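Work through the exercises below with the sequence and the model in view. Each task is followed by a solution in steps.

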Amino acid sequence: MNRGQHTTPPMIEVEGLVKRFGTFIAVDHISFSVARGEVFGLLGANGAGKTTTIRMICGLLAPTEGRIFVDDIPVHRRPRLARTRIGYLSQRFSLYEDLSPEENLRFFSALYGVPQDTTKAHLARLSSWLGEGFRQPVRTLPLGFRQRVGLMCALLHDPPLLILDEPTSGVDPIGRQEFWEEIYRQSSEGKTILVTTHYMEEAEYCQRVAIMHQGKLLNEGAPREIMARSGTRTLQEAFIHMVKSGDTG
Ligand SMILES: Nc1ncnc2c1ncn2[C@@H]1O[C@H](COP(=O)(O)OP(=O)(O)OP(=O)(O)O)[C@@H](O)[C@H]1O
């Protein structure tokens, strides 16, 4: 298959993606790409279609139309192979809450077939970070900590792409700040990050964003470019401006 002249293809390429549930169109002909090493944000209010898009990129939901490539693998045809390239932290909390962080990490390491030395190194890091919390049931930890343990588990198989669906939803401001520091750390180590959020102020931490509304992509670019295009000073204002002009126009 010839998909153009890229020497290094993007980490994610989405072309003409559509998802219908019956007659309802949740994702309506969207296209975008995410470069390797980029921190890319998919923004939109509740119900915009972000989770549906993410689930199709992860190969968990079949598109009605369109094509998706992850690390140059056609997800629509080879979802299992594509998933080996992806670390996914879902919107709903994805650890065993009655198990401790230590037990969760051991479990996911065994599941992914992570070498013992690597598992040991992860356990040591987790233990020194969490202290006593390392051996307590996950449900007793603050949400911000739980999400960071979840992130660690999602990264155990060392995927080049990290997909995070509303990872800081409900997390307090300090926990959100710490989570974003971790995202930057992963990015500086070469991971590509796709993150969805409805916190517009958080989206300004992304290098590029795409704004979704009612299944469509309204705008895409660096936060500064989007603000300049709509003549606003924040992404929040830009988003409201776009949605209103979309509605009226
Ligand atoms: N399995 C399904 N069957 C029918 N409709 C669905 C299904 N999954 C999602 N939808 C609808 O598709 C639309 C987009 O949902 P989606 O979860 O992708 O939005 P979102 O932007 O991620 O918002 P949220 O943060 O609330 O999840 C919503 O109107 C939702 O009700």
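**Exercise 1: two helices, α3 and α5**

Task: describe how helix α3 (residues 101–112) and helix α5 (residues 143–154) pack in this predicted model.

Solution.
- Step 1. The axes of α3 and α5 come within 10 Å and cross at roughly 20°.
- Step 2. Angles under 35 degrees count as roughly parallel, and α3 and α5 are therefore roughly parallel to each other.
- Step 3. In passing α5, α3 makes a right-handed crossing.
- Step 4. On the α3 side, P101, N104, L105 and F108 make the contact, and on the α5 side V149, M152 and C153 do.
- Step 5. Sorted by class, the residues of this contact are 6 nonpolar, 1 polar and no charged.

**Exercise 2: α3 and α4**

Task: state how α3 is directed relative to helix α4 (residues 116–130), and name the residues in contact.

Solution.
- Step 1. α3 and α4 pack at an angle of about 160°, and their axes are 10 Å apart.
- Step 2. Angles over 145 degrees count as roughly antiparallel, which makes α3 roughly antiparallel to α4.
- Step 3. α3 and α4 cross in a right-handed way.
- Step 4. α3 contributes P101, E102, L105, R106 and S109 to the contact, while α4 contributes T119, H122, L123, L126 and L130.
- Step 5. The contact of α3 with α4 divides into 5 nonpolar, 3 polar and 2 charged residues.

**Exercise 3: the shell around the ligand**

Task: list the residues around the ligand, and find which element gives the most to the shell.

Solution.
- Step 1. Around the ligand lie F21, F24, A26, G44, N46, G47, A48, G49, K50, T51, T52 and E166.
- Step 2. β2 (24–34) and α1 (50–57) are the elements that give two or more residues to this shell.
- Step 3. The most comes from α1, with 3 residues.
- Step 4. By class, the shell has 4 nonpolar, 6 polar and 2 charged residues.

**Exercise 4: positive phi**

Task: locate D71 and D158, and decide whether D71 is buried or exposed and whether D158 is buried or exposed.

Solution.
- Step 1. Most residues other than glycine have a negative phi.
- Step 2. D71 has a positive phi, near 50°, and lies in the loop between β4 (65–70) and β5 (73–74).
- Step 3. D71 has 20 other C-beta atoms within 10 Å, so D71 is buried.
- Step 4. D158 has a positive phi of about 55° and lies in the loop between α5 and β7 (161–165).
- Step 5. D158 has 10 other C-beta atoms within 10 Å, so D158 is exposed.

Methods. Residues are numbered from 1 along each chain as its sequence is written. This is a predicted model: local features need pLDDT of at least 70, side-chain atom pairs count only at pLDDT 80 or more; totals for chains, interfaces and linings use all residues. A residue is near a molecule or strand if its C-beta atom, placed from the backbone, lies within 6 Å of it. Helices (H or I, at least four residues) and strands (E, at least two) are DSSP runs, numbered from the N terminus. Ala, Val, Leu, Ile, Met, Phe, Trp, Tyr, Cys and Pro count as nonpolar, Asp, Glu, Lys and Arg as charged, and the others, Gly among them, as polar. Axes are lines fitted to C-alpha atoms, for helices over the stretch in contact, and angles run from 0 to 180 degrees between N-to-C directions. Angles under 35 degrees count as roughly parallel, over 145 as roughly antiparallel, 65 to 115 as roughly perpendicular and the rest as oblique. A crossing is left-handed if the near helix is turned anticlockwise from the far one by less than a right angle, and right-handed if clockwise. Two residues are in contact if their C-beta atoms, placed from the backbone, lie within 7 Å. A residue is buried if 20 or more other C-beta atoms lie within 10 Å of its own, exposed if 12 or fewer, and partly exposed in between; C-beta atoms are placed from the backbone.
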